[in-house]
Amino acid sequence: MTQQEGRKHPQCEEVIIPAPWGHIAGRWYGNRADRPVLAIHGWLDNLGTFDRLIPLLPDYIGVLCIDLPGHGRSSRLPPGVPYNVYDYVFIIPRVMKEFGWSKVSLMGHSLGGVMSFMYAAMAPSTVDMIISLDVLLPRRIEDPSKLTKDIEGYLLEERRQADGTEHEPPSFTLSKLRQTLARNSNNSVPQHLADHMLHRQVAKSQMYPEKVFFSRDGRVKYYHIFDIENGLALEMARRIERKPYLVIKGSLSPFVGPRCDETMSILAQDNPNFEFYEVEGGKHHVHLHAAEECARYIVPFIRKHRPPRSSKL
């Protein structure tokens, strides 16, 4: 469908994980004999976000990338069931149960990183390491009117899907979607890398064959952000204790700001396995547009905490 559609890691396998509402789609890269790293993308993205990073990681360990419900090629949640961060967290133990893992290694960007933090605090004994890409805590919504607009937007999108008044979402040329993705991400996903995202979330228009539209569930644009206030964030960090925890921040991104300082201090306290790095010139999708720089920190972290054959299925 796009330039990236045919580009797959030479040792990649498509994965379908059954769920009560449909399925969770994924790709398992590399080694299938040992427990992989579970990689979770950010809001409105899909597993293509890791396309450039995966080939740079150690080849002895597999990576299972998934599309969250409503994103990429995973099933949408049923009508009337809204999307929220808290429910997304339960995708992690669902994947673990499917493959019989007693522990999980997490790598998350943005929403995926918040999910990793929340799950590690809920079930710390089941997590052996966390890699958090340009996130730690969810951004706080300062303007209450945004919540009102999100509710209205969600109900409008739900009604559009239910009554069929609009046959398909607005469609555009692929070139226009690349421009839109770059603009809406503040060029965090530049146009020349946009296809890594688009190849799993666009479909060809039936009304205008030369155009495509976003195939993800329009309702995910209005998902509910779980606001972790400071006291709760500190207690959650204490529950995570001295886990191997790597945080990588893009220097031009606001997502790991002063609000995270106390939480990071707790995670780092008496913890030789906590690491924090800032990528100069990096934006929110730092792992995509600066994959080589991120790999400089991720590779030794994985080799240290998931050495070869350290964890069998």
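**Reading a predicted chain**

Me: How far apart are the mean positions of the positive and negative charges of the chain?

Reply: In this count Lys and Arg are positive and Asp and Glu negative, while His and the chain ends are not counted. Each charge is placed at NZ of Lys, CZ of Arg, CG of Asp or CD of Glu. For this chain, the mean positions of the 39 positive and 36 negative charges are 4 Å apart.

Me: What does the radius of gyration of the chain agree with?

Reply: The radius is taken over C-alpha atoms, and the globule rule is 2.2 Å times the number of residues to the power 0.38. For 313 residues, a compact globule would have a radius near 20 Å, and the 19 Å of the chain agrees with this. The C-alpha trace spans about 60 × 45 × 40 Å along its principal axes.

Me: What share of the contacts joins residues at least 24 apart?

Reply: A contact means heavy atoms within 4.5 Å. Among contacts between residues at least 6 apart in sequence, 75% join residues at least 24 apart.

Me: How many helices and strands does the chain have, and how do β1 and β2 pair?

Reply: Helices (H or I, at least four residues) and strands (E, at least two) are DSSP runs, numbered from the N terminus. The chain has 10 helices and 10 strands. Two strands pair if DSSP finds at least two bridges between them. Strands β1 (residues 12-19) and β2 (residues 22-29) are antiparallel and share eight bridges. A hairpin of two residues connects them, and E14 has R27 of β2 as its bridge partner.

Me: Which strands pair with β3, and which residues cover its faces?

Reply: In a regular strand the side chains alternate between the two faces of the sheet. In β3, V37 and A39 on one side and L38 and I40 on the other are all buried. β3 runs parallel to β4, with four bridges, and parallel to β5, also with four bridges. A39 stands opposite C65 in β4 and has M107 as its bridge partner in β5. I40 stands opposite G108 in β5.

Me: How many residues of β5 are buried?

Reply: Six of the six residues of β5 (residues 104-109) are buried. V104, L106 and G108 lie on one side, and S105, M107 and H109 on the other. β5 also runs parallel to β6, over six bridges, and G108 stands opposite S132 of β6.

Me: Which residues of helix α5 are buried, and what covers them?

Reply: Within α5 (residues 174-184), the buried residues are L174, L177, R178, T180, L181 and A182. Their cover includes α6 (195-198), β7 (202-204) and β8 (212-214). S175, also in α5, is partly exposed because its relative accessible area is 36%. D195, in helix α6, is buried at 4%.

Me: Where do L44 and D134 lie, and are they buried or exposed?

Reply: L44 lies in the loop between β3 (37-40) and β4 (63-66). L44 is not a glycine, yet its phi is positive, about 70 degrees; its relative accessible area of 17% makes it buried. D134 lies in the loop between β6 (127-133) and α4 (144-163). D134 also has a positive phi, about 55 degrees, although it is not a glycine, and at 0% relative accessibility D134 counts as buried.

How values were computed: Residues are numbered from 1 along each chain as its sequence is written. This is a predicted model: local features need pLDDT of at least 70, side-chain atom pairs count only at pLDDT 80 or more; totals for chains, interfaces and linings use all residues. Side-chain values use heavy atoms; hydrogens and water are left out. Buried means under 20% relative accessible area, exposed over 50%, partly exposed in between (1.4 Å probe, protein chains only).
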